[in-house]
Amino acid sequence: MKLGVCYYPEHWPESVWAEDAQRMKALGITVVRVGEFAWSRLEPQRDQFCFDWLHRAIDTLHAHDLQVVLGTPTATPPKWLIDEHPSILAVDENGQTRGFGSRRHYCFSSQVYRQECQRIVNKIAIEFGAHPSLIAWQTDNEYGCHSTIESFSEDAKLAFRSWCEERYTTIDALNTAWGNVFWSMEYQNFEEIDLPCGAVTELNPAHRLAFWRFSSDQVAAFNQLQVKILREHSPQCDLLHNYMGNFTEFDHYTTAADLDIASWDNYPLGFLDRDSSSTDDQQKWFRTGHPDSSTFHHDLYRGVGRGRLWVMEQQPGPVNWAPHNPSPLPGMVHLWSLEAFAHDAEVMSWFRWRQLPRAQEQMHTGLLRPDSSEDSAVDEIRQLVSDLEKINKALPDKAARDCEVAMVFSYDGDQMCRIQPQGQNFEPLHWLLEVYSALRLCGVNVDVVPSTANLDTYRFVVVTNSVSIDDALLQSLKSTNAQVLFGPRTGSKTCEHSIPDNLPPGNLQELLPLRIVRTESLPDFAELTTDYQNLSAWRWREKIETQLEPAGTFNDGWGFYYSHRNFHYLNACLKTQSLNRFILERVRAAGVSVMPCEDGLRYSHYGPLTFACNYGPEPVTLETTSPFVVGNASLNAGDAAVFYTHTNSTSL
Ligand code: GAL
């Protein structure tokens with residue numbers, strides 16, 4: 001794993017660039033990302049290109065033996081361009097145009113903007129594409145950040161109508177697919193279709209899903225235009241985009257299909273404070289991040305990147321954008337990086353080199369303070385560099401990250417639950433993360449994979465956010481020998497967001513002879529108990545009609561948990577403790593070797609090594625008698641250690 005940093009030479013006097021590069025190199029950094037917001041400096045006025053400064057900056061990095069990732073600057077169209085073409089601006093669902101003055105203010109459907117992006121990317125690709133230091137290009141920056149996937153502009157409306165015509169061919173087919181006879185929503189032709197906003201009450205979920213799919217396709221098309229140009233002028237470079245955490249507003253698999261690597265931006269403390277709904281979790285992990293947040297995303301994005309993962313931005317200290325911005329527990333900068341290594345990241349890069357004392361992100365820390373003195377992350381990076389050396393020495397040449405457990409992830413399914421939640425406490429990503437946490441508490445590696453993945457190499461597979469089962473998934477489920485656990489809502493809708501003719505779980509009935517005849521969502525105070533190992537459930541439950549015997553019954557007589565051959569259906573959301581017990585039992589039963597852990601301790605395995613990370617809050621003592629490569633058996637909160645998984649492994 002190489003170490004990297006995000007650097008903005010345009011923010012600093014040229015006189016400090018060489019010293020910056022020299023300090024980066026001395027710290028062990030070898031990869032530097034530059035350029036992704038620099039349009040106003042690269043082209044201050046139309047067709048007046050200023051590339052000299054960036055040449056000098058990249059040459060300086062190169063002279064210090066640093067490799068460069070260059071970002072295309074399309075997340076920040078400059079003022080002159082917006083003034084020339086105000087139609088580039090995105091429009092929110094209230095019809096409000098999103099203004100200039102921050103970033104991501106463009107509409108993916110604007111043809112004018114697409115041409116402008118092609119123009120600038122072409123220029124930059126020709127100018128820098130063959131530079132010997134360049135190893136990769138980043139397209140744009142964080143597609144969708146600040147809720148910018150959907151735009152309700154005139155351009156989007158016209159493009160959506162064409163998209164609908166292409167997908168459904170006739171208006172009758174669209175009306176039927178969406179069920180538009182309901183509430184007299186039928187259209188006579190495609191020109192009548194509006195974007196899903198501004199209605200009196202709930203919009204048709206099929207209309208919203210179509211618009212979500214359309215918007216997602218617009219991102220892929222926008223990205224693809226840049227990819228084509230970059231491949232032509234810089235064929236030796238990898239192409240990537242930096243995705244975000246806890247973010248499902250477009251289908252990442254589609255965009256990623258045109259790229260070589262999936263990278264993502266990891267802000268564990270920011271994500272917890274902004275996204276967690278549990279006060280308990282917030283209190284426990286506010287200085288460490290949730291113990292399963294970083295690794296879930298590593299596992300997800302490794303799947304998105306077809307095996308190739310980078311962390312493009314990682315939190316070095318307090319950030320500026322969460323509701324509160326605490327300082328990480330000492331040790332976390334080191335620990336988060338070892339997690340990235342154990343999850344197969346090729347590059348782990350911090351955001352940012354030096355804290356900028358001006359503008360929106362002046363309160364966001366970096367590796368250096370604004371006066372260039374070292375901030376606290378730097379010491380932890382030194383420790384990391386020395387630990388990575390020891391780990392690399394301990395790993396045999398062909399060491400790999402083995403994995404027997406997979407979780408199928410569907411962006412489409414996630415969206416279906418959001419569009420029609422049916423219970424306000426059913427948050428699809430939270431439920432998925434609960435299941436993921438339960439798997440990680442078994443001490444096993446987990447792959448998060450798309451529905452097209454080959455499932456044959458796994459022993460245990462969980463499918464719990466595929467609301468609609470596509471053909472690819474159905475076929476690989478049919479052929480796998482893995483034990484497959486389906487969670488509630490799986491297969492409950494057709495791909496057009498309606499209830500399947502044969503009732504849920506729809507086409508899964510080809511694998512499991514059962515039908516769901518009643519679904520209920522419940523407020524948090526309504527706890528349901530079962531006679532199966534005293535497990536308790538909440539929030540969501542399904543009543544099943546089948547010849548199969550349930551494993552247990554709920555207190556009111558509904559059956560609980562059904563199995564048929566290697567397929568298993570969990571028909572309720574289990575409460576956390578119950579879920580953890582249940583999953584451990586299932587994983588064991590599937591023949592996976594487990595290493596159970598609890599609280600904030602997590603294990604990851606790489607070749608002959610096990611990485612133990614203690615997210616706290618309490619110190620733990622590991623019970624292994626194996627030799628340690630990094631650290632020892634006593635782990636305070638924020639500590640990580642690496643040891644040989646089996647006592648008989650060769651020690652150094
Ligand atoms: C990311 C973004 C960066 C910077 C960073 C601050 O979302 O890509 O440009 O804003 O957050 O944490």
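The side chains of R354 and D20 come together in a salt bridge, with 2.5 Å from N to O (a salt bridge being a side-chain nitrogen of Lys or Arg within 4 Å of a carboxyl oxygen of Asp or Glu). This pair ties together distant parts of the chain, 334 residues apart: D20 belongs to helix α1 (residues 17-27), while R354 is in the loop between β8 (345-350) and α14 (377-394). Helices (H or I, at least four residues) and strands (E, at least two) are DSSP runs numbered from the N terminus. The structure has 41 salt bridges.

The model is a predicted one, with local features needing pLDDT of at least 70 and side-chain atom pairs counted only at pLDDT 80 or more, while totals for chains, interfaces and linings use all residues. Residues are numbered from 1 along each chain as its sequence is written, and side-chain values use heavy atoms, leaving out hydrogens and water.

Turning to the ligand, its surroundings are F37, R103, N141, E142, D265, Y267, E313, W321, F351, E361 and H364, each with a heavy atom within 4 Å of it. By class, this shell has five charged, four nonpolar and two polar residues. Here Ala, Val, Leu, Ile, Met, Phe, Trp, Tyr, Cys and Pro count as nonpolar, Asp, Glu, Lys and Arg as charged, and the others, Gly among them, as polar.

A polar side-chain atom of E361 sits 2.3 Å from a ligand oxygen atom, and one of E142 lies 2.4 Å from a ligand oxygen atom. The protein covers 96% of the 310 Å² of accessible area that the ligand has on its own (Shrake-Rupley method, 1.4 Å probe).

Conventions:
A polar contact is a pair of N or O atoms within 3.5 Å; within protein, one must be able to donate a hydrogen and the other to accept it, and residues adjacent in sequence count only if both atoms are side-chain atoms.
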